[in-house]
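Let's take a walk through this structure together. Please have the sequence and the 3D view at hand.

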Amino acid sequence: MCHLVQAVRPQAEPHVVTVTDIQILADRIEDLLPQTQCTKCGYPACRPYAEAVANGEANYNQCPPGGIEGVARLAALLGKPVIPLNSANGVERARPLAVIDEQVCIGCTLCMQACPVDAIVGAPKQMHTVIAELCTGCDLCVPPCPVDCISMPPVTGDATGWDAWSQSQADAARTRHNQREARLAREREAAEARAAARRAGTAADAPVLSPCATQTAEAAAPSNAPAADDAEAKKRAIIQAALERARKKKEELAAKGQGPRNTDQVSADVQAQIDAAEARRRRLGLTAEGNGDADKPSNPR
Ligand code: SF4
Ligand code: SF4
Ligand code: SF4
């Protein structure tokens with residue numbers, strides 16, 4: 001029997017551990033995680049880490065954003081002692097906030113693609129902006145930036161771990177991450193459907209798509225959602241406000257002759273990164289060649 005499942009069922013009669021047992025335990029572990037989706041635990045997001053702890057693959061001290069309080073919460077659930085955070089995964093610290101130097105940003109979109117909670121808005125060749133209320137401080141946008149213009153200043157003073165992060169912030173980050181994952185899956189499906197439709201059209205040597213392929217593409221394409229509910233409207237308002245701030249800042253900087261730099265004279269390495277990102281966007285149908293949205297501000301949801 002899995003020792004972790006046994007730990008939360010001390011009074012249970014001996015029984016065969018099922019996939020359902022593991023999933024229930026993973027759900028309970030996931031509920032205790034900070035949901036920054038930072039990957040510092042060694043897993044691609046909080047959910048896979050929760051599953052790894054539930055099935056005994058990972059230890060319960062690998063989440064730096066949760067800090068020692070997070071370890072204690074998991075230890076209580078699992079009936080285990082509180083042990084130190086594994087320093088190999090990082091250290092407990094004040095929560096940072098991503099800040100983009102908008103004068104240096106070249107608008108390559110790499111940070112936006114790396115953000116697990118869609119906290120960055122911008123468009124190709126335009127400066128990008130972090131929506132502070134949505135940033136989890138995960139650091140994931142920093143390495144991809146080819147001009148090193150993202151800093152991560154701490155914003156919670158001496159407060160660290162769960163003292164610097166609330167359950168409502170964790171819940172919101174989890175929701176945004178799940179929404180992003182769903183959106184990426186829809187985009188992949190739509191891109192595959194478009195590619196299938198193109199192949200079908202080419203095979204038939206006819207300019208009109210086959211009815212089947214067209215139906216598939218239409219079915220997989222993002223639908224025009226009905227009117228947004230309150231939460232959606234609030235989210236859009238936050239994004240709109242951030243875009244408006246970015247636009248005003250851009251105007252102010254332009255008036256001072258200090259607009260974004262380096263947009264035309266980037267190094268060969270940086271240009272290669274940008275080209276690779278654009279190629280990915282083209283494959284996903286996210287550029288003007290794909291769906292005509294290339295120069296619209298990206299509007300994460
Ligand atoms: S917050 Fe980061 S380290 Fe903690 S479980 Fe989630 S992804 Fe892993
Ligand atoms: S803006 Fe950067 S630090 Fe903030 S959540 Fe997104 S990727 Fe993480
Ligand atoms: S230059 Fe840096 S901050 Fe600007 S869009 Fe690219 S990765 Fe983001």
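This is a predicted model: local features need pLDDT of at least 70, side-chain atom pairs count only at pLDDT 80 or more; totals for chains, interfaces and linings use all residues.

Residues are numbered from 1 along each chain as its sequence is written, and chains are lettered from A and ligands numbered from 1 in the order in which they are written.

The protein chain has nine helices and four strands; these are DSSP runs, with helices (H or I) of at least four residues and strands (E) of at least two, numbered from the N terminus. Starting there, the order is α-α-α-α-β-α-β-β-β-α-α-α-α.

Now find helix H2 (residues 19–32) and helix H4 (residues 67–78), which pack at an angle of about 155° with axes 9 Å apart. Axes are lines fitted to C-alpha atoms over the stretch in contact, and angles run from 0 to 180 degrees between N-to-C directions. H2 is therefore roughly antiparallel to H4, a label for angles over 145 degrees. Arg 28, Ile 29 and Leu 32 of H2 meet Arg 73, Leu 74 and Leu 77 of H4, where contact means C-beta atoms, placed from the backbone, within 7 Å.

Turn next to the ligands. Around ligand 1 there are 16 residues, the closest being Cys 38, Lys 40, Cys 41, Cys 46 and Cys 63; a residue counts here if its C-beta atom, placed from the backbone, lies within 6 Å. Ligand 3 is surrounded by 15 residues, with Cys 105, Cys 108, Cys 111, His 128 and Cys 145 the closest.

Note on methods
Angles under 35 degrees count as roughly parallel, over 145 as roughly antiparallel, 65 to 115 as roughly perpendicular and the rest as oblique. Two residues are in contact if their C-beta atoms, placed from the backbone, lie within 7 Å.
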